[in-house]
Structure formats: structure tokens, C-alpha cells
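Here is a short briefing on a protein model. Look over the sequence and the fold before reading the points below.

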Amino acid sequence: MADLTWAVQKAVHGALAGITAPGREEGAPVACPTYDHQPENAPFPFIVLSGQNVVPDDTLDADGSIHTLYLSIWSQYRGQRQVLAIMASIADRLHNARLLLDVGCALSCRVRNRLTSREPDDITYQGAMTIQIIASS
């Protein structure tokens with residue numbers, strides 16, 4: 001059985017390339033890169049692939065797995081507008097998407113959860129999303 005974990009992560013990372021978010025000036029969007037581990041002093045906003053949980057889901061004729069990916073969205077835009085816009089873009093790109101994997105195939109991709117919160121510094125906002133992908137090798 002091929003290990004689909006890295007293939008799933010690469011497909012999600014690729015699907016999120018090029019996301020932009022509302023900037024501080026109306027009509028001036030800013031880039032929102034996606035990282036596996038953000039660089040030190042990365043400018044806001046950005047998305048981090050924070051973790052992945054994999055559960056085997058074999059059938060009689062195929063080796064499958066359920067991948068739950070955790071995405072963190074970080075912003076220092078005043079209020080939740082930027083985080084919410086980024087999460088909407090992520091949902092547009094991933095919910096019910098047909099992801100292409102390097103190995104195996106993605107059978108299903110769904111956004112399962114969205115959450116926003118203000119950090120204790122009272123400046124930074126975080127969004128959290130859970131994406132579930134069912135894949136088969």
C-alpha cells in the first residue's frame with residue numbers, strides 16, 4: 001500500500017496556492033501563502049498546515065485512509081474580516097474538490113469545521129479549519 005499522507009498534504013498545499021485576502025486598503029488584496037512551517041517573521045496573513053491525522057479505512061478490495069488536516073489561518077487585520085475571507089477561499093477550493101494525488105486517488109474532500117478566535121495579544125486573529133479527505137491507493 002502506498003503511503004498517501006504526503007501526497008494528500010501536497011495536493012492540499014497546491015490547491016491553496018495563490019489565495020489572496022482583503023488588505024487594509026479597500027480594493028488592495030494581499031497574498032496569503034501556505035506553509036508547512038512558516039518562516040520566522042513571516043508577514044501576515046498566512047496559512048499553516050498544522051497537522052494531519054490518518055485513520056485506515058480499508059475495504060475488501062482497496063487500501064484506503066481518512067485524512068484529517070488541520071489548517072491554521074493567521075492575520076493581524078483588525079477584526080475577523082480577513083480570516084473569514086481566507087477561510088471562505090479555502091472552502092471554495094477544497095469543499096467537494098477533486099484533488100489530484102501523486103499516488104492513489106482522493107475520493108472525497110470536505111471542509112468539516114471552521115473556527116475564529118482573537119489571540120491574547122488583542123491584535124492577532126486565528127482561524128482554524130478541519131479538512132477531511134478520503135483516499136485510496
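Five strands form an open sheet in the order β3-β4-β5-β7-β6, and their pairing is mixed. The model is predicted. Strands of a sheet pair through backbone hydrogen bonds, either parallel or antiparallel.

**Sheet and helix**
- The edge strands are β3 (34-35) and β6 (105-118), and each pairs on one side only.
- Strand β3 runs parallel to β4 (residues 46-56), and two bridges join them.
- T34 has I47 in β4 as its bridge partner.
- Helix α1 (residues 5-15) lies across β3, β4, β5 and β7 (125-136). The helix runs at about 150° to β4.

**T68**
- T68 belongs to strand β5 (residues 64-75).
- T68 is buried, because its relative accessible area is 14%, below the 20% cut-off.
- Beyond its neighbours within four places in sequence, T68 is in contact with G51, Q52, N53, T130 and I131.
- P120 is 52 residues from T68 in sequence, and the two lie 27 Å apart in space, C-alpha to C-alpha.

**Cysteines**
- How many disulfides does the structure hold? It holds zero disulfides.
- C105 is in no disulfide, and the nearest cysteine sulfur, that of C109, is 13 Å away.
- C105 is partly exposed, with a relative accessible area of 36%.
- C109 counts as buried, at 1% relative accessibility.

Notes:
Residues numbered from 1 in each chain as written. Predicted model: local features only at pLDDT ≥ 70, side-chain atom pairs only at ≥ 80, totals over all residues. Heavy atoms only, no water. Disulfide = S-S within 2.5 Å. Buried < 20%, exposed > 50% of the residue type's maximum accessible area, 1.4 Å probe, protein only. Helix = DSSP H or I, 4+ residues; strand = E, 2+ residues; numbered from the N terminus. Contact = heavy atoms within 4.5 Å. Pairing = 2+ DSSP bridges. Axes fitted to C-alpha atoms, helices over the stretch in contact; angles between N-to-C directions.
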